[in-house]
Amino acid sequence: MHGTDQILIERPYDGCGKCLLGVRRLSRVKAATTSPERQREDVLEAAASVGAHIIGWADD
């Protein structure tokens, strides 16, 4: 996701029924979860694949 795509995927709550909270859970054990940027991209792609959008983020 780059530029304009991110604007469409990350936007405020609008009551559309597809407003999602993105969650990034980082781990020191698994390489796949050590990068916040990689997890962010994965969440954005997943939201886009179902026509949803991210209204906020929760980091653990």
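This is a short talk on helix α2 in a predicted model.

Some ground rules before we start. The model is predicted, so local features need pLDDT of at least 70 and side-chain atom pairs count only at pLDDT 80 or more, while totals for chains, interfaces and linings use all residues. Residues are numbered from 1 along each chain as its sequence is written, and side-chain values use heavy atoms, with hydrogens and water left out.

Start with the length. Helix α2 covers residues 36-49, which is 14 residues. Helices here are DSSP runs of H or I, at least four residues, numbered from the N terminus. The expected span is 1.5 Å times one less than the number of residues. For α2 that gives 20 Å, and the end C-alpha atoms are 20 Å apart, so the two agree.

Now the faces. Buried means under 20% relative accessible area, exposed means over 50%, and partly exposed is in between, with a 1.4 Å probe and protein chains only. Q39, R40, V43, L44 and A47 are buried. Down the axis of α2, they fall within an arc of 135 degrees, so they line one face. That arc is taken from the directions from the helix axis to the C-beta atoms. Turned away from the buried side are E37 and S49, both exposed.

Two residues in detail. Q39 is buried, at 11% relative accessible area. Its side chain reaches the backbone oxygen of R25 at 2.9 Å. E45 also sits in α2. E45 counts as partly exposed, at 43% relative accessibility. Its C-alpha is 8.7 Å from that of I9, 36 residues apart along the chain.

Just after α2, G51 takes a positive phi of about 75 degrees.

Technical notes:
Helix = DSSP H or I, 4+ residues; strand = E, 2+ residues; numbered from the N terminus. Polar contact = N/O pair within 3.5 Å; in protein donor to acceptor, adjacent residues only side chain to side chain.
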